[in-house]
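Please look at the sequence and the model below, then read on.

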Amino acid sequence: LGLSSQDISVVPDIVAAFQRTCETQLHAVYAYVRYRVSSADVAEELTAKTFLRALERLETFDAAKGELTPWLFGVARHMVKDYLRARRRWTWIPIDWIVQRECRDPNPEAAMAAGELHQHLAHGLTCLSGRDRDVLGLKFGAGFTNRDISRITGLREAHVGVIVYRAVGRLRRQLAARGFDHE
Amino acid sequence: MNEKSAARAFDEEIGAVLPLAPEQVTAVTNDVPDAVQIAGALRFLGAEWGRRTPSSLRHTVALLAEQAGGSPRATVLTVARRRVLPLGLAATAAAILLILFVPAARGTVARQISRVLAIVQVGPDTEIVRPDAQTPGEVAATLQQHEQQLTAGQRWHVSTRYVGVGGTVPLNASAAVQRVDRLELLRSLTSMTIQVPTVAHRGRVPAFNHALVAPDGLLLLFFGSDDDELLLMQARVGGGRAMGHSRVVMGTDRQGRWVSETPELKTEELLLDGLIVVWDPDNTGRRPDSSALRWESESVSYSLMGRALTRDEAVQLFVSLRPVDAQ
């Protein structure tokens, strides 16, 4: 897996952009991957692999075709897709269970994840389709607009809006079915 | 309003919420309609996950960024396989299959197994767990604790050619596992309905041979003998009791220390008689008898195993199972 600096023959501007992107987009990529896979450990590995793959393929990035961030998320999406395809017979750890684990963390940050609504939502995500989780991950994990998501996924912008709208509706119905009272 | 318009209106509504900091989102969403509140909570969840990006990952990506600039670099590219131990090249590589019978809710699993890579949910209280590999120190501590609890009579343990199974001894109970050779006696010792296979397996219908009754009520039912021997495990779950299965291959590393490796699960979900059952084949390559069909029904967790049992054989036997009373 080792790369040497000689392997990377890309223009300095792109290298600088990649370095900036590593700094600014790491949290967003990680949060997106957490939306897609239920295990924090797996999310960590896939995120690391995403940046590694991006670095390996940096010379294939064409600035004329778009910005680096959507390209990076394209790499992340492929990474997740490959991973899920390889394990499609698995039922992954429900996210609510992970949240439950994290709630025992004495770290006060973890306590925030203990909210009932978040636990229900985290579990609800596991019941959504891969496409819904993909779009919700880009929207709410990475914080993209529908237009950004459209550029990353190739879906029409209006379609992205409908997917978000429907998926949130499904989550609402799940909450209602579980008797969750948000008031 | 059609769905597209509703979606557009919804996007505009949540557009006011999403850019806010997580604390603000929580505050704002107390007074907004449900769907927007959910959107805010989803963003909160995403922001929270992003904020908890592991420091090891931050370090790795920072090194990758340095590498892109041609800076001298450290060993940065080991993250993806950092948990894989050199067991393939290990000296002895003895395979041990462990099943953890966890007499508590699923949260207990997390306390007993600090890092879990995957769980296959068989039923509400039955799980197949793939724990992370353990370091020599962790393996030593686990084995030592296990031994201490066995010696103190706090745990029971049974080893079979199919599986090792253990659990906690209830307070004031004997740690002894009882062997029972007659079905009538067995029925008087358990509140569970005993299931028996009624189809020919490798030439004959497997007859009840004997059973082992664990201190906490778990049953190991043996049918047939030799090549057609079967083991049906039944355990009452629910109400704070859960069944967790895991496969751990243990061996020694180059320094002769015990280490563990956990191969990827190869489970397959099947829908049989309206029930989801999980085929959990041997993934170690070393214990073909450990392949099992697992399911949970009416608060009883079941595992069916046999001598190199195949999936098709297991399915046939599952379909043929009948309560012993109904025979």
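## Aromatic rings

Rings of Phe, Tyr and Trp (for Trp, its six-membered ring) pair if their centres lie within 6.5 Å; planes under 30 degrees apart count as stacked, over 60 as edge-to-face and the rest as tilted. In chain A, ring pairs link A:Y32, A:F73 and A:F144 into a cluster. Over all chains, a search of the whole structure finds eight aromatic pairs. One of them is the pair of B:W295 and B:Y302, which is stacked, with 5.0 Å from centre to centre and 10 degrees between the planes.

Are the two partners of this pair buried or exposed? Buried means under 20% relative accessible area, exposed means over 50%, and partly exposed is in between (1.4 Å probe, protein chains only). B:W295 has a relative accessible area of 4% and is buried. B:Y302, with 6%, is buried as well.

## Basis of the model

This is a predicted model, in which local features need pLDDT of at least 70 and side-chain atom pairs count only at pLDDT 80 or more, while totals for chains, interfaces and linings use all residues. Residues are numbered from 1 along each chain as its sequence is written, chains are lettered from A and ligands numbered from 1 in the order in which they are written, and side-chain values use heavy atoms, with hydrogens and water left out.

## Chain B as a whole

Chain B has eight helices and 19 strands. Helices (H or I, at least four residues) and strands (E, at least two) are DSSP runs, numbered from the N terminus. Of the 327 residues in chain B, 53% are buried.

Contact means heavy atoms within 4.5 Å. Among the contacts in chain B with a separation of 6 or more, 58% come from residues 24 or more positions apart. Chain B exposes about 14600 Å², and carbon and sulfur atoms supply 52% of it; accessible areas come from the Shrake-Rupley method with a 1.4 Å probe, and for residues only the protein chains shown count as cover.

## A hairpin in chain B

Two strands pair if DSSP finds at least two bridges between them. Strand 5 (residues 155–159) of chain B pairs with strand 6 of chain B in the antiparallel sense over five bridges. A hairpin of four residues joins these strands, and B:R155 stands opposite B:T168 in strand 6 of chain B. Strand 6 (residues 164–168) of chain B is mostly covered, as four of its five residues are buried.

## Salt bridges

A salt bridge is a side-chain nitrogen of Lys or Arg within 4 Å of a carboxyl oxygen of Asp or Glu. The structure holds 19 salt bridges over all chains. In one of them, A:D134 meets A:R36, with the closest N and O atoms 3.5 Å apart. A:D134 lies in helix 7 (residues 130–141) of chain A and A:R36 in helix 1 (residues 12–36) of chain A, so the pair ties together parts that are 98 residues apart in sequence. Both A:D134 and A:R36 are buried.

In chain B, the side chains of B:E48 and B:R51 form a salt bridge (3.2 Å, N to O). Both lie in helix 3 (residues 34–51) of chain B, three residues apart, about one turn of the helix. B:E48 is buried at 2% relative accessibility, whereas B:R51 is partly exposed at 40%. Another salt bridge joins B:D181 and B:R179 (3.0 Å, N to O); B:D181 is partly exposed, at 46% relative accessibility. Back in chain A, salt bridges that share partners join A:R36, A:R77 and A:D134 into one network.
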